Protein chains: 2
Amino acid sequence: MFNTVAIVGVGLIGGSFSLALKDQKLVKKVLGVSRSGATAQKALKLGIIDEVLSLEEAVKQSDLIYVAIPVDVTLPVMKTILDMIRPDQIVVDAGSTKQALCAYVADHPNRSRFVASHPMWGTEYSGPEAAVHNAFRGRSCVICERKKSDPEALAVVERIYSILGMSLVNMEAESHDIHAAYVSHISHITSFALANTVLEKEREEDAIFELAGGGFESTVRLAKSSPAMWGPIFMQNRENVLDVLNEHIMQLRKFKSCLEKENYVYLQELMENANKIRRILE
Amino acid sequence: MFNTVAIVGVGLIGGSFSLALKDQKLVKKVLGVSRSGATAQKALKLGIIDEVLSLEEAVKQSDLIYVAIPVDVTLPVMKTILDMIRPDQIVVDAGSTKQALCAYVADHPNRSRFVASHPMWGTEYSGPEAAVHNAFRGRSCVICERKKSDPEALAVVERIYSILGMSLVNMEAESHDIHAAYVSHISHITSFALANTVLEKEREEDAIFELAGGGFESTVRLAKSSPAMWGPIFMQNRENVLDVLNEHIMQLRKFKSCLEKENYVYLQELMENANKIRRILE
């Protein structure tokens, strides 16, 4: 479908997107852009990209430019890209926040060549080594502000995500950021905080290592996630994240109060209510 | 190895233990005991047990009695069992708390025929349908107060857990309960509370369903766990759980404060510290 695609940020998401395009034979050549020479070389060695170029050179040569870098750096980089693209090129981002970016580019003369997307997939790992085949299959991909993108550019991007096995969800940027705070950002904060709790309280690390069953590992695994990626997400979405975080601390205090007062009946109610998550997850 | 084993509580743990014994050909006949007739019949139908009997009858006929019921009910049931066993029988429990039970039976004349164990395995599901083959393989099993059990009874129990693929860890009951609060109980509380947070804040359940990626599912899956099982665990271990819960709320408040004050540097430090959990989990 494409001759050349530029991947700006050849890590977990950008790398997996490149592998997916290659696996589906949707691209002839993938150009990689990275601030770090070592990262770029790693991606090249792993076969994720075919050539390393500067941002300017890569953008010039590409039909599609896919931006998958921390959401704070995305703002100026997106401006640089939009400033230089031709009317036949398409730019897509994969960021976990959408409101700040959409606002930032709202008045750019080339706004319509940009499609704001958030493929809802990730792992706790980062860098080119974290990229995997078949990453996005079966997951949702949110597209924001569809009406601000050219119908033709939008159709191409939606077609690609569909071929990669994603189901498309339309949302305004504001709604996206609210929902993302609930279903993704808060999980990462609780996991980081749980790791810090255990590291603070449990001085015998051997005991954690020996005893940690599947439960612990699944609730704490997101604490391995990249601070460079997640810091900017929390900051850009801070009002929504704070809102959910306050609610979460309140919910934890209810458990605390039940234990302090030995209120067994209310404790059961709290857990039975939590069980309702089954109807959503199953 | 055994002619007959009684499983008291034919759910997730008891059921999986029975399947493991049968798979390893360690038992000729398994007797099931359950307060609920429906549960007992389900276990029978699933081939987890061979016969349903009353507690008294099952204990009478068995070489080994395996108790896997909620930790509050375990106390009186364990007394009933110890009151009636012969000197050649062995009783084992699989509870997630050990201090209350060990204290409760400390002075029982038949204490030495009891081995206090906690196989560190579980899922968020419960009942006989939740029992799986090969459940315990590769996990740790804590044995508490080894010196209070007859060496011969202890050797039999440790040999069985070893054959099932578990690595044995010795701990005093007090230490067990402290560590279990860190590596298991707190994960369940945060998961229950996270489910309640999302259910409270996110009124558009379709959005959760559509957007929830792997991260959300892994941090919230324990919220499906059985309140009947976990309530008594939290209550029996309430001092340790409260201690860890207070620390956890404090750690969450640090994240909250970083976001409120837009203190990006400290936020990065908190996440980098949490990343240290990698060296324990990997």
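1. In which sense do strand 1 and strand 4 of chain B pair, and over how many bridges? Strand 1 (residues 2–8) and strand 4 (residues 64–67) of chain B pair in the parallel sense, over 4 bridges. Strands pair if DSSP finds at least two bridges between them. Across this pairing, Ile7(B) stands opposite Tyr66(B) in strand 4 of chain B.

2. On the basis of the model: it is predicted, local features need pLDDT of at least 70, side-chain atom pairs count only at pLDDT 80 or more, and totals for chains, interfaces and linings use all residues. Residues are numbered from 1 along each chain as its sequence is written, while chains are lettered from A and ligands numbered from 1 in the order in which they are written.

3. The sheet of chain B is open. It has 8 strands in the order 3-2-1-4-5-6-7-8, with mixed pairing. Strand 3 (51–52) and strand 8 (167–171) of chain B are at the edges; each has a single partner strand, so one side of each lacks a neighbour in the sheet. Helices (H or I, at least four residues) and strands (E, at least two) are DSSP runs, numbered from the N terminus.

4. Helix 6 (residues 151–163) of chain B packs on this sheet. Helix 6 touches strand 5 (90–93), strand 6 (114–119), strand 7 (140–144) and strand 8 of chain B. Its direction makes about 20 degrees with that of strand 6 of chain B. Axes are lines fitted to C-alpha atoms, for helices over the stretch in contact; angles run from 0 to 180 degrees between N-to-C directions.

5. Chain A has domain 1 (2–171) and domain 2 (176–281), with bounds from an automatic or database domain assignment. Their C-alpha centres lie 30 Å apart. In chain A, 14 residues of domain 1 are in contact with 15 residues of domain 2. Contact requires C-beta atoms, placed from the backbone, within 7 Å.

6. The contact between the chains takes 80 residues from chain B and 80 residues from chain A. Helix 7 of chain B gives the largest share of the side of chain B that touches chain A, 20 residues. That side of chain B divides into 42 nonpolar, 20 polar and 18 charged residues. Ala, Val, Leu, Ile, Met, Phe, Trp, Tyr, Cys and Pro count as nonpolar; Asp, Glu, Lys and Arg as charged; the others, Gly among them, as polar.

7. A rotation of 180 degrees, with 0.0 Å of shift along its axis, superposes chain B on chain A (RMSD 0.0 Å). The two copies are thus related as by a two-fold rotation axis. Superposition is by least squares on the C-alpha atoms of residues with pLDDT of at least 70 in both.

Technical notes:
Contact = placed C-beta atoms within 7 Å.
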